[in-house]
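Open the model in your viewer and keep the selection tool handy. We will walk through it one stop at a time.

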Amino acid sequence: MKKIEAIIKPFKMDDVREALGEIGVTGMTVSEVKGFGRQKGHTELYRGAEYMVDFLPKMKIEIVVAEENVERCVNAIIEAAQTGKIGDGKIFVTDVERVIRIRTGEENEAAV
């Protein structure tokens, strides 16, 4: 099994959720996060004073899928989240050794 973590622009969240739903993803964890990469934040004006916003709002999506579904999920995220502009985000794919559903005790693929 693999864990896919995607950091995307907030306004792309609905598109990504819909794209993942269309390929059969039934569950995900979503968090509002802040961060920056190469774009390094931006400046804003507040009451006439300019200040630097270092951390930009992003959404973090976490899903665990069987290894054979990873490429479909990654491609769905890319297609739905891509704007072609800086700050579109990142996708991280890591190994998952074990998953346990707390309610039933099911493990691994049965727990996902």
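A nonpolar core here is a set of buried Ala, Val, Leu, Ile, Met, Phe, Trp, Tyr and Cys residues joined through side-chain atoms within 4.5 Å. Buried means under 20% relative accessible area, exposed over 50%, and partly exposed in between (1.4 Å probe, protein chains only). This is a predicted model, with local features needing pLDDT of at least 70, side-chain atom pairs counted only at pLDDT 80 or more, and totals for chains, interfaces and linings using all residues. Residues are numbered from 1 along each chain as its sequence is written, and side-chain values use heavy atoms, leaving out hydrogens and water.

First, select Ile-4, Ile-8, Val-16, Leu-20, Ile-61, Ile-63 and Cys-73: of the 19 residues in the largest nonpolar core, these touch the most other members. At least two residues of this core come from each of β1, α1, β5 and α2, and α2 gives the largest share, 7 residues. Helices (H or I, at least four residues) and strands (E, at least two) are DSSP runs, numbered from the N terminus.

Next, select α1 (residues 13-22), where Met-13, Val-16, Ala-19 and Leu-20 are buried. Down the axis of α1, the buried residues fall within an arc of 130° (taken from the directions from the helix axis to the C-beta atoms), so they line one face of the helix. Turn to the other side of α1 to find Glu-18 and Glu-22 exposed.

Now pick Leu-20. Beyond its neighbours within four places in sequence, Leu-20 is in contact (heavy atoms within 4.5 Å) with Val-25, Met-28, Ile-63, Cys-73, Ala-76 and Ile-77.

Finally, go to Gly-37, in the loop between β2 (29-35) and β3 (42-46). Gly-37 counts as partly exposed because its relative accessibility is 34%.
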